[in-house]
Amino acid sequence: MTKGEATQVKVHYKGTDEDFIIFVDDFETYKKWKSDKSIPLAHFISAFKIFVTHKQGAQGQMDGASKATLENEFGVSNEDEVIKKILEGGSIQESEFPERQGPKNDAQQGSIVTGQVSR
């Protein structure tokens, strides 16, 4: 993978009052987990953090979901249980970020002080 090139995978769950987001690190393991629940969530979940976008879809500003919000939507405030429900019922959103272009490090062009040059 070149500098700046990355792929971001998240699972978007459209609730009745809020939209929820979970970030996934390993998409292939996530796909395996959908048919084999014995795979630990830690093998493919980025962080055990649930985000809400305040009804702005998968692209809105993300804030951490409160326990009250989770309780209202899912009937439980246990984050592990809610993460499983989001992963099972949500839709996959995948974004790719291209390689960065341009100079890699402008600072290595020479020293500002007259007479000093990086070697």
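User: What share of the contacts in the protein chain with a separation of 6 or more comes from residues 24 or more positions apart?

Analyst: The model is a predicted one. Counting the contacts in the protein chain with a separation of 6 or more, the share from residues 24 or more positions apart is 61%.

User: In what pattern do the helices and strands follow along the sequence?

Analyst: The protein chain has three helices and five strands. Read along the sequence, they give the pattern β-β-α-β-β-α-α-β.

User: Are the rings of tyrosine 13 and phenylalanine 74 stacked, edge-to-face or tilted?

Analyst: Eight aromatic pairs are found in the whole structure. In the pair of tyrosine 13 and phenylalanine 74, the ring centres are 5.2 Å apart. Stacked needs planes under 30 degrees apart and edge-to-face needs over 60. The planes of these two rings stand at 40°, so the pair is tilted.

User: Is phenylalanine 74 buried or exposed?

Analyst: Buried means under 20% relative accessible area. Phenylalanine 74 has 10%, so this residue is buried.

User: Which residue lies over the face of tryptophan 33?

Analyst: Trp33 belongs to a cluster linked by ring pairs, together with Phe27, Tyr30 and Phe44. At 4.2 Å from the ring centre of tryptophan 33, the residue over the face is lysine 37.

Conventions
Residues are numbered from 1 along each chain as its sequence is written. This is a predicted model: local features need pLDDT of at least 70, side-chain atom pairs count only at pLDDT 80 or more; totals for chains, interfaces and linings use all residues. Side-chain values use heavy atoms; hydrogens and water are left out. Rings of Phe, Tyr and Trp (its six-membered ring) pair if their centres lie within 6.5 Å; planes under 30 degrees apart count as stacked, over 60 as edge-to-face and the rest as tilted. Buried means under 20% relative accessible area, exposed over 50%, partly exposed in between (1.4 Å probe, protein chains only). A charge sits over a ring if NZ of Lys or CZ of Arg is within 6 Å of the ring centre and within 35 degrees of the ring normal. Helices (H or I, at least four residues) and strands (E, at least two) are DSSP runs, numbered from the N terminus. Contact means heavy atoms within 4.5 Å.
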